Amino acid sequence: MNEFENIRLNAELVSKTFGENNGVNLAFDEDSVEWVDGYIERNRETWDEQTAARLSGVFGSFLGECIRLNFGGEWQMNEFGLGIVFEDGNTAYPFNKIKKQIENGAVDSIASFYNTISTVFNL
């Protein structure tokens, strides 16, 4: 199994496990990103470093797949990390954004990030 298959599996894990356990339908869309944003805000201060790192990975996979499925682009690794690269060469870094929200809170909201992608990247 390669890295990109793991990303898709982690994204499905978030959709199924977190969604089902919390009675919500996480469908790789704007509403789902907003729910994950709220989940992070409600819980981030209770997570130890190891939990935060693990959740950065699974939530980053979910956010990245939401971006890829709704705005296009493909997963690629570059000198700044793993990101979604769009046709024009611009890149969104979902893992980095999740990590920032976990560390800094709502000031680094993934929902705000997601909602501005089409404007920022002119998609």
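User: Arg44: buried or exposed?
Analyst: Arg44 is buried, at a relative accessible area of 16%. The cut-offs: buried is under 20% relative accessible area, exposed is over 50%, and partly exposed is in between, using a 1.4 Å probe and protein chains only. This is a predicted model, where local features need pLDDT of at least 70, side-chain atom pairs count only at pLDDT 80 or more, and totals for chains, interfaces and linings use all residues. Residues are numbered from 1 along each chain as its sequence is written, and side-chain values use heavy atoms, with hydrogens and water left out.

User: Which residue forms a salt bridge with Arg44?
Analyst: Glu41 does, with the closest N and O atoms 3.5 Å apart. A salt bridge here is a side-chain nitrogen of Lys or Arg within 4 Å of a carboxyl oxygen of Asp or Glu. Glu41 is partly exposed, at 29% relative accessible area.

User: How many salt bridges by that rule?
Analyst: The count comes to 6.

User: And Arg68, what does it pair with?
Analyst: Arg68 forms a salt bridge with Glu65, closest N to O 2.8 Å. Both partners are buried: Arg68 has a relative accessible area of 16%, and Glu65 has 4%.

User: How far apart are those two in the helix?
Analyst: Arg68 and Glu65 are 3 residues apart in α3 (residues 49–71), about one helical turn. Helices are DSSP runs of H or I, at least four residues; strands are runs of E, at least two; both are numbered from the N terminus. In general, an α-helix has 3.6 residues a turn, so residues three or four places apart point the same way.

User: What about Lys99 and Glu103?
Analyst: Their side chains meet in a salt bridge at 3.8 Å, N to O. Lys99 and Glu103 sit 4 residues apart in α4 (residues 94–104), again about one turn of the helix. Lys99 is partly exposed, at 47%. Elsewhere, salt bridges with shared partners join Arg8, Glu65 and Arg68 into one network.

User: Stay on α4. Which residues there are buried?
Analyst: Pro94, Phe95, Lys97, Ile98, Gln101 and Ile102 are buried. Down the axis of α4, the buried residues fall within an arc of 165°, so they line one face of the helix. That arc is taken over the directions from the helix axis to the C-beta atoms.

User: What comes just after α4?
Analyst: Gly105, with a positive phi of about 85°.

User: New topic. What order do the strands take in the sheet?
Analyst: 3 strands form an open, antiparallel sheet in the order β1-β2-β3. β1 (74–78) and β3 (91–92) are at the edges with a single partner strand each, so one side of each has no neighbour in the sheet. Strands pair if DSSP finds at least two bridges between them.

User: How many bridges join β1 to β2?
Analyst: 5 bridges, with β2 covering residues 81–85. Asn78 stands opposite Gly81 in β2.

User: Where does α4 lie against those strands?
Analyst: α4 lies across β1, β2 and β3, at about 115° to β2. Axes are lines fitted to C-alpha atoms, for helices over the stretch in contact; angles run from 0 to 180 degrees between N-to-C directions.

User: Last one, Ile110. What does it touch?
Analyst: Contact means heavy atoms within 4.5 Å. Leaving out residues up to four places away in sequence, Ile110 touches Val33, Val36, Asp37, Ile40, Leu63, Lys97, Ile98 and Gln101. Ile110 is in α5 (residues 110–120). Ile110 counts as buried, at 1% relative accessibility.
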